[in-house]
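Have the sequence and the 3D view ready.

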Amino acid sequence: VTFSSGTNAFSVMDRIQGSMESVDTPPPAMPQRGKLYVDTYVKVYYYPEEDIMNWIHDNHTSYRLNHSLALITCCVGCRRGWQSRTLVGMKRQVKALYDNILTES
């Protein structure tokens with residue numbers, strides 16, 4: 001991903017304080033809100049769809065449903081189109097994941 005200024009998105013992410021140690025795996029989420037919470041969320045945006053879904057599954061108790069759906073919508077919607085079957089399917093999976101939390105409580 002390259003910004004209109006010609007800057008590569010990954011080089012910008014590397015400059016952010018607390019940058020990831022490895023670009024290969026999404027970082028674990030921290031339950032505290034604040035800079036780290038947002039920083040992690042933004043970094044996950046740049047991962048492939050499968051990794052994003054794995055991250056949401058692993059961290060859904062730390063992030064709200066709306067945050068997870070927005071992440072899927074922005075990432076997949078931008079890459080595949082707003083009405084793609086992949087986007088619709090992924091949103092259903094995320095909603096089901098959060099629905100399971102409600103039924104277990």
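This is a predicted model: local features need pLDDT of at least 70, side-chain atom pairs count only at pLDDT 80 or more; totals for chains, interfaces and linings use all residues.

Start with helix α3 (residues 49-59) and helix α5 (residues 85-104), which pack at an angle of about 10° with their axes 11 Å apart. Helices here are DSSP runs (H or I, at least four residues), numbered from the N terminus. Axes are lines fitted to C-alpha atoms over the stretch in contact, and angles run from 0 to 180 degrees between N-to-C directions.

Residues are numbered from 1 along each chain as its sequence is written, and side-chain values use heavy atoms, with hydrogens and water left out.

Which residues of α3 and α5 meet? Glu 49, Met 53, Ile 56 and His 57 in α3 meet Thr 86, Met 90, Gln 93, Val 94 and Leu 97 in α5 (contact means heavy atoms within 4.5 Å).

Now turn to α4. Helix α4 (residues 65-80) packs with α3 at an angle of about 175°, their axes 11 Å apart. That makes α3 roughly antiparallel to α4. From α3, Glu 49, Ile 52, Met 53, Trp 55 and Ile 56 take part; α4 brings Ser 68, Leu 71, Ile 72, Cys 75, Val 76, Arg 79 and Arg 80.

Not counting residues up to four places away in sequence, Ile 52 touches Val 44, Tyr 45, Tyr 47, Leu 71, Ile 72, Cys 75 and Arg 79.

Key
Helices (H or I, at least four residues) and strands (E, at least two) are DSSP runs, numbered from the N terminus. Angles under 35 degrees count as roughly parallel, over 145 as roughly antiparallel, 65 to 115 as roughly perpendicular and the rest as oblique.
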